Amino acid sequence: MKERKVSIKRKTKETDVKVFLNLDGSGICKIESGIGFFDHLLTQFAVHGRLDLKVMAKGDLNVDDHHTVEDVGITLGKAFYKALGDKKGIRRYGNALIPMDDALILFALDISGRPYLNFNVKFRREKVADLSMETISEFFRAFSLNAKVTLHISKLFGENDHHTAEAIFKAFGRAFREAVEREDNGIIPSTKGVL
């Protein structure tokens, strides 16, 4: 079977991002964005998604964390899109219902070729550690647009924003893993014949 590995770079006046992604990995990851809590969340995604992920990002953190988080979402989305290739034999759909203490997150994705984000999560705090919580929806918006996937993310319960954020990225990993799993039938899972 064709390897689903890719390296993508994105350099702007605000950020310099490099991503290596192996969809058929084992959860090995190295994340360095300059934003500790964001690194922790991406590590959760990689481990629970059982994919190998390397993210090296330098951004204008002297301004704020927005550009770095968004550009990692853009670059990771592009890597995902390229690594999937023609999408033959994938499951296409993935979902996860993930608890973390008080938090309960529902995450569903469709590798549809149609970007869409429904982010139904309200945070109580402006920041957790060094990450602005509003950037989490920006990350997923950027990922959705560049990966060309539909994402639905809902918080069913949760008081603690740290737990909520972690549950979101763990659920992202689990849903992602299910959607990219190969069914070994060589069929594009769409009545249109394309995704």
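1. Helices here are DSSP runs of H or I, at least four residues, numbered from the N terminus. Axes are lines fitted to C-alpha atoms over the stretch in contact, with angles from 0 to 180 degrees between N-to-C directions.

2. Before going on: this is a predicted model, where local features need pLDDT of at least 70 and side-chain atom pairs count only at pLDDT 80 or more, while totals for chains, interfaces and linings use all residues. Residues are numbered from 1 along each chain as its sequence is written, and side-chain values use heavy atoms, leaving out hydrogens and water.

3. Helix 2 passes helix 3 in a right-handed crossing (the near helix is turned clockwise from the far one by less than a right angle). On the helix 2 side, the contact (heavy atoms within 4.5 Å) includes H66, V69, E70, I74 and Y81; helix 3 brings in, among others, T135, E138, F139, R141 and N146. By class, that contact has 10 nonpolar, five polar and four charged residues. Ala, Val, Leu, Ile, Met, Phe, Trp, Tyr, Cys and Pro count as nonpolar, Asp, Glu, Lys and Arg as charged, and the others, Gly among them, as polar.

4. Helix 3 also packs on helix 4 (residues 161-180), at an angle of about 20° with axes 12 Å apart. The two are therefore roughly parallel to each other, and helix 3 passes helix 4 in a right-handed crossing. Here I136, F139, F140 and F143 of helix 3 touch A165, I168, F169, F172 and F176 of helix 4. That makes nine nonpolar residues, no polar ones and no charged ones.

5. Helix 4 has another partner in helix 1 (residues 36-49): an angle of about 35°, axes 7 Å apart, and again a right-handed crossing. Among the residues meeting there are F37, H40, L41 and F45 of helix 1 and H162, E166, K170 and R177 of helix 4. The tally is eight nonpolar, six polar and four charged.

6. I187 sits in the segment after helix 4. Setting aside neighbours within four places in sequence, I187 contacts K87, K88, G89 and I90. L151 is 36 residues away from I187 in sequence and 23 Å away in space, C-alpha to C-alpha.

7. The largest pocket holds about 210 Å³ of space. Of its 15 lining residues, R4, L84, D86, K88 and R182 are the closest to the centre. The lining splits into four nonpolar, three polar and eight charged residues. A pocket is an open set of points on a 1 Å grid over the protein atoms alone where a 1.4 Å probe fits, with protein on both sides within 12 Å along at least five of seven lines; lining residues have an atom within 4 Å of a point. Points are joined across faces, edges and corners, and the volume is the space filled by probe spheres set on them.

Terms used
Angles under 35 degrees count as roughly parallel, over 145 as roughly antiparallel, 65 to 115 as roughly perpendicular and the rest as oblique.
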